[in-house]
Amino acid sequence: MTDFVGRRRELKELREDIARTGLDTLSGRKAKAPRARVLLVAGRPGSGRTALAEAFVREVADDYPDGVFRTRLTTPGGETVATERAVRGLLEGLGQPTPPGAGEDELSSVLRSALDGRRVILLVDDAADPQQVDALLPDTPECLVVVTAEGPLTGIPDVRPCTLGGLDTPSAVAMLAQHIGDTRVTADPRAAETLAEECGGQPAAICLAGGWLAAHPKASVSDVAKQLHDMPPGTSGPLGRAFRLVYESLPQPAQRTLRLLPLAPAGVLDSHTASALAGCSVAAAQSTLEDFAGLGLVRHDRDGLFLLPGCLAPFLQALLQAKERPAEVQLARARMLERTVRLLHSCRAMAEEDEDAAREKLDGLPRALRFADRRAAATWLDTRLPALSAAASLAVADGALDTLARRLVAALVRALAEHRGTAESAPELYGLHRLVLDVAERRDLHREQAAALLNLGDLDAETGRTQEALERYRAALDAGRAANDPYATGRAMESVGGAYQELADWHRASDWFRRALSQALARGERADEARLYGRLGNVHTYAGRYGDALRSWRAAAAGYRKLADVPGRAKALSEMARIQEYAGRPEESLHTCREAVELARRAGDLRLQAALQVRLADTLDRLGDPAAARLHRSAADRLLGDDPAACEIRSDSD
């Protein structure tokens with residue numbers, strides 16, 4: 001990356017604007033609440049607005065010891081980034097968990113709470129909508145927000161704008177010298193100034209012209225200036241002329257590769273993406289990307305990635321539409337998605353603990369698609385996740401590649417679950433399940449629709465959105481019935497019952513559990529029968545119907561006995577003992593509890609044994625036998641120490 005040149009006046013003004021009296025205060029208005037100071041760097045794409053913002057942030061970073069956090073609100077292709085994704089990215093950088101499926105307002109509130117009491121800089125790049133920026137603003141004046149955009153941020157109070165034009169000639173020449181060296185500039189300083197003027201002082205145009213000159217050491221600066229000057233008037237400004245100069249000098253294969261780069265999701269590129277798009281080897285693609293970076297056509301990013309500059313996207317899109325047939329574009333996109341699916345399979349395989357199982361999953365994959373170890377695979381997944389998520393969204397939105405889209409989403413879900421776990425991956429998984437639902441609804445795939453709705457309902461339930469979960473489960477039941485899928489319908493009915501249980505609607509909860517139980521009984525699904533009897537027993541207990549609760553738990557215990565599930569039977573008997581105690585039958589409770597202790601001992605479940613010993617002690621206290629009660633409490637202490645939380649009994653159906 002070249003050193004930043006010029007813009008000293010703008011940098012000085014931005015620094016002074018941090019402490020300057022707010023515009024609202026000067027006009028006699030007052031903002032509704034103290035907020036972070038917002039500085040705007042406005043300029044057309046290619047004006048160097050992001051470079052200026054980054055240079056300014058580096059200068060003032062020491063004044064904000066809690067760090068610099070970045071987000072981008074527009075993709076290089078011009079699509080607006082969803083506000084929820086931008087906020088989630090910032091929260092992830094702050095180390096804050098985010099609830100899956102949360103809306104913009106909830107996420108913004110979480111972000112503001114996370115920033116409360118901190119001194120940070122938020123660098124918001126390429127903002128297209130002031131409302132997006134407003135959702136990110138901290139409610140603390142100790143923070144600083146630096147925004148880059150093409151125009152003003154209407155509606156956000158007290159914004160300090162810094163509007164960029166072209167670089168002055170000395171700065172433009174200095175930037176050119178960074179690419180071609182001082183010698184060529186010194187040899188013909190007038191030609192260097194002329195070239196800077198032909199580039200309109202635009203940093204992106206100077207970067208392209210300088211990159212071309214660096215790749216052609218025998219070419220003169222004056223010849224390049226003349227070529228730019230002689231281009232037809234219809235070419236789109238200095239940046240368009242500089243881009244045309246570079247593009248037309250490329251060999252045909254490189255031109256085609258460049259034209260296909262806008263298909264890369266989120267403008268993120270690596271050798272595999274370029275290889276798949278162009279249909280060339282990974283090594284050739286890497287070499288081509290390095291050449292493009294030298295010419296200023298792409299930018300180096302962290303982790304060996306490349307980024308497509310947003311200012312060049314319109315030119316590349318125009319070339320893509322003019323030069324490539326739709327069928328070829330679709331084929332290139334399909335190759336890229338297929339390569340991504342295979343990389344995700346390889347990534348998931350590296351999470352296997354069993355080396356033989358991992359080797360079996362990797363069998364048949366080319367060496368270029370394999371990772372060195374689990375850490376390398378996890379790092380790849382982390383660094384590519386924004387691009388992978390964008391790839392899934394674009395594939396689903398395309399509509400013509402639904403089979404590939406479904407495979408991609410499934411592979412990404414599995415890779416995330418293996419490397420991060422379902423709990424940590426829940427925010428990403430929520431969005432992926434919604435994509436599955438979109439495809440399933442479009443294609444009338446009722447079984448997949450039911451599965452997606454059940455997964456979304458589970459995530460809603462886990463985050464306390466019980467009413468939303470209930471609606472998802474009911475929709476899943478309809479889809480399961482349409483697919484004639486007994487597993488989906490049974491699971492949906494049980495989940496509807498669980499949602500009503502969470503809402504304390506005991507009557508509806510027991511009704512839905514009975515429906516699920518009837519189906520399980522009809523199909524002879526014994527494990528489901530035992531579990532559902534237990535869930536019915538819980539609901540009856542909460543409703544105070546102890547007779548019904550005892551019958552349900554007794555049936556559950558019988559079911560676990562038939563299954564030879566000793567731990568399940570022990571837990572069912574422990575619940576029976578609890579209900580007998582609630583019903584005022586301590587002697588029966590004592591007998592049942594002792595039977596449960598023996599089963600827990602056979603199962604080797606120390607935690608359950610300890611909990612049952614405590615329950616026995618409580619029952620003996622009520623029966624007037626404190627000495628025996630002390631013996632059982634001592635036994636519980638010996639099993640698990642003095643942690644009282646370890647002695648809490650929870651059934652699987654809770």
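What follows is a short exchange on a strand and its neighbours, and then on a helix.

Guide: This is a predicted model, in which local features need pLDDT of at least 70, side-chain atom pairs count only at pLDDT 80 or more, and totals for chains, interfaces and linings use all residues. Residues are numbered from 1 along each chain as its sequence is written, and side-chain values use heavy atoms, with hydrogens and water left out.

Visitor: How many residues of strand S3 are buried?

Guide: Strands here are DSSP runs of E with at least two residues, and helices are runs of H or I with at least four, both numbered from the N terminus. Buried means under 20% relative accessible area with a 1.4 Å probe, protein chains only. Strand S3, residues 121–127, is mostly covered, and the number of its residues that are buried is seven of seven.

Visitor: Which residue in S4 is the bridge partner of Val124?

Guide: Two strands pair if DSSP finds at least two bridges between them. Five bridges join S3 to strand S4 (residues 144–149), and the two run parallel. In S4, the partner of Val124 is Val147.

Visitor: How many residues of helix H10 are buried?

Guide: Helix H10 covers residues 203–215 and reaches 18 Å from its first C-alpha to its last. Its buried residues include Ile206, Leu208 and Trp212. Helix H10 is mostly covered, the buried number being ten of 13.

Notes
Buried < 20%, exposed > 50% of the residue type's maximum accessible area, 1.4 Å probe, protein only. Expected span 1.5 Å × (residues − 1).
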